[in-house]
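Here is a briefing on helices, packing and aromatic rings. Please keep the sequence and the model side by side as you read.

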Amino acid sequence: MTDRGHPSNLELFEHVEGDLRTSAVAEHVERCERCAGVVRQLELAREALRSAPLLELPPKRLQQMVGELAHRDPRAPCLSVRRLIVVLTPVAAVLLAVAVLTDGTSRPGREERSAPPAQTSLAASDSAETLRAAAPVVATVVGPAQEVAALLRERGLDARVVDGSVEVTGADAEEVKRALGQRPAGDVPVTLR
Amino acid sequence: MEDPDRHLLRRARRGDRRAFGELAERHQQRLFTLAARTLGSREEAEDAVQETLLRAWLALPRFREDARFSTWLYRICVNAAHDVRTQRRPQPAEQPSEPADPRDRLAEQELSSTLQDALRTLDQTYRLAVVMYDLLGCPYSEIAEVTGVPEGTVKSRIFRGRAELARALGTETVRQESEE
């Protein structure tokens, strides 16, 4: 008990949790409205927390995570897949742009064409667009794209919106079509990555 | 009391990825809940869990089994969630409230219950304490081991966490002890 005759916060907490061996705090709480109020708040907060459900990873997501461990060397530095994507995507885009540009100038007998500097970045973005456009389209459904992506995620698929289309990772066409169900045809492409 | 993960753990330590996958399956719900409720975002929680499993896999040879495997995993998860949180890009004030990635908006909606909104207002140390104790049912000793503080401090943090939560949930103000 504190000097003012009230239990300490720790004692009130232990009383709520049933950790106390003596009844002194319980008897005090019965006759002290102030401490009874504290106890009620602790119990209400506990009830709110304990009524919350445990959360689940999407089923395929865990499989993906464990699957990726096969590629990890214990001596390599730790990098998350997301960080790798952030680092490698611009590198891949630049390499592809270089490949496209050199392909246009390397064939014998063709007139030399050199793209002005402004077109290089366009070529890079066009190449990125080409990459994206080349991804297989499983279906084209009614939107909005965010709603389609949310529906697929609810059904356990890894889906995200990219430039107005929905990109699904780690699934095949059949799984995506099953997840889309009877969603009507529309203008939102759903692609596989 | 014997660690229920002991047999799978020994196989995993010999490089059996399937055994590690089974361990991951056993603990994924609690790890994901721990990460999601402390970070407030499913997407960030997935990153944290992925990082947790990766770090655990790589560090398995060094795990001495002087703690329960679950405790060790929680500790890794808490650290991974901390790293995810510190890597968040700060949002400029003039940006619209809707996140740029539509997935984040939907992810926030999934966790935008009254409780999660209230949890977001808690100090991080108190939030972790109530999530581990009240949501995951971890004993004081395990929370103490994961957070590196004495059990008395764990209880104090749970008390303060619940008190702040009650306040955030709109109930009466909890008495503040001056000596605390």
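Of the 180 residues of chain B, 53% count as buried (under 20% relative accessible area; over 50% is exposed and in between is partly exposed, with a 1.4 Å probe and protein chains only). This is a predicted model, in which local features need pLDDT of at least 70 and side-chain atom pairs count only at pLDDT 80 or more, while totals for chains, interfaces and linings use all residues. Residues are numbered from 1 along each chain as its sequence is written, chains are lettered from A and ligands numbered from 1 in the order in which they are written, and side-chain values use heavy atoms, without hydrogens or water.

**Chain B fold**
- Chain B has nine helices and zero strands (DSSP runs: H or I of at least four residues for helices, E of at least two for strands, numbered from the N terminus).
- Among contacts in chain B with a separation of 6 or more, 65% join residues 24 or more positions apart (contact means heavy atoms within 4.5 Å).

**Nonpolar cores**
- The largest nonpolar core holds 77 residues (buried Ala, Val, Leu, Ile, Met, Phe, Trp, Tyr and Cys joined through side-chain atoms within 4.5 Å).
- L34(B) and I158(B) have the most contacts inside this core.
- Helix α2 (residues 17-39) of chain B gives the core its largest share, 10 residues.
- Another core lies apart from it, with 19 residues, including V141(A) and V190(A).
- Beyond its neighbours within four places in sequence, I158(B) touches several residues, among them F13(A), Y133(B) and Y140(B).

**Aromatic rings**
- The whole structure has seven aromatic pairs over all chains (ring centres of Phe, Tyr or Trp, the last by its six-membered ring, within 6.5 Å; planes under 30 degrees apart are stacked, over 60 edge-to-face, the rest tilted).
- Y133(B) and Y140(B) are stacked, because their ring centres are 5.1 Å apart and their planes lie at 10°.
- Y133(B) is buried at 11% relative accessibility, and Y140(B) is buried at 12%.
- Ring pairs join F13(A), Y133(B) and Y140(B) into a cluster.

**Helix packing in chain A**
- The axes of α7 (residues 145-154) and α8 (residues 173-180) of chain A come within 9 Å and cross at roughly 105° (lines fitted to C-alpha atoms, for helices over the stretch in contact, with angles from 0 to 180 degrees between N-to-C directions).
- α7(A) is therefore roughly perpendicular to α8(A) (65 to 115 degrees; under 35 is roughly parallel, over 145 roughly antiparallel, the rest oblique).
- V148(A), L151(A) and L152(A) of α7(A) meet V176(A), A179(A) and L180(A) of α8(A).
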